[in-house]
Amino acid sequence: APGRAGRAAGADGGAQAGSDAGRLNSPYVRRVAWIREIQTLLREHKTDQAAEVLRLLRKDLGLQGTSLNDILYKNASFLNLVDPISHELLLSLARDLQCPKREKDAIKSSNKTCRQLIYHLTPHSKWTKQGVSRRKSQACLKTTLKKKLSGDVVNLSGIPLSGRDVHRVAFYLQSSSEAVSAVDLSFTELQDDGLRLLLPPLSCLPKLTVLAINGNRLTRAILKDLTDTLKDPSKFPCLAWVDLGNNVDIFTVPQPLLVALRRRFGLRSSLPVIYE
């Protein structure tokens, strides 16, 4: 059970799970299991155990510690490396654990926060909402890639992509390059090698402004490829935002990538906000 596994993992469980890159599932599956375990433990009035699972969850999402002091001060310098939405929700959950209200209100508040976290960390595509099987989603992918692009968005969110599928997507992007303004490859089980294969066709899309690759199995190793590509002014000419959150050990857009994006939009007064 995820709960027993979470507690048995101990202090280094989250880090080890991250380094294993979610061999069977993308990291968000493990993170959601921990959140559900926190909900169960709080209903059973096991606050200390819930705090331990919260510590694992925070570490897995790039922040350590569960005390408000740790969260508010010791990790303040790392906030630009951590998904701010997850951070705020985890902060609310920590407050519920350490500054309990009346029992009924505390459970209601923590449940609401947990539901928001689960929503934020999980896919919401039509494929996952309808409970489409993996086999059927693959058939839908083939059908989608055979059709001519009808709008300006390529949305494959929630469809697991095999190595062969990634090649198909690359070819599709090359043939639809003039119209595409947004590509959503979130929650597709995309790994580093797959993104490396997709970077050339993606970087040549003249109107691409938003690239969503969150909720996958990407690691920090891919960041150099992405940052180096952005340094070339002929690549990604219109890109304004990349959603990288909720991956193996990438939680939001790293500073070098933000700088590369900022250089492209020097006349703007602020960086783009997280694309939600």
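1. Cys 238 is partly exposed, with a relative accessible area of 32%; here buried means under 20% relative accessible area, exposed over 50%, and partly exposed in between (1.4 Å probe, protein chains only). Cys 114, by contrast, counts as buried at 0% relative accessibility. The disulfide count comes to zero, a disulfide being a pair of cysteine sulfur atoms within 2.5 Å.

2. A word on the basis: this is a predicted model, where local features need pLDDT of at least 70 and side-chain atom pairs count only at pLDDT 80 or more, while totals for chains, interfaces and linings use all residues. Residues are numbered from 1 along each chain as its sequence is written, and side-chain values use heavy atoms, leaving out hydrogens and water.

3. Do have a look at helix H4, residues 47–60. Helices (H or I, at least four residues) and strands (E, at least two) are DSSP runs numbered from the N terminus. The 14 residues of H4 reach 20 Å from first C-alpha to last, close to the 20 Å expected at 1.5 Å a residue (1.5 Å times one less than the number of residues). Its buried residues include Ala 50, Val 53, Leu 54 and Leu 57, and also Arg 58, Lys 59 and Asp 60. After H4 comes Gly 62, with a positive phi near 100°.

4. Glu 189 is not a glycine, yet its phi is positive, near 65°. Glu 189 sits in the loop between strand E2 (182–184) and helix H11 (192–203), and is partly exposed at 22% relative accessible area.

5. Phe 236 also has a positive phi, near 45°. Its loop runs between helix H12 (223–231) and strand E4 (241–243). Phe 236 counts as buried, at 0% relative accessibility.
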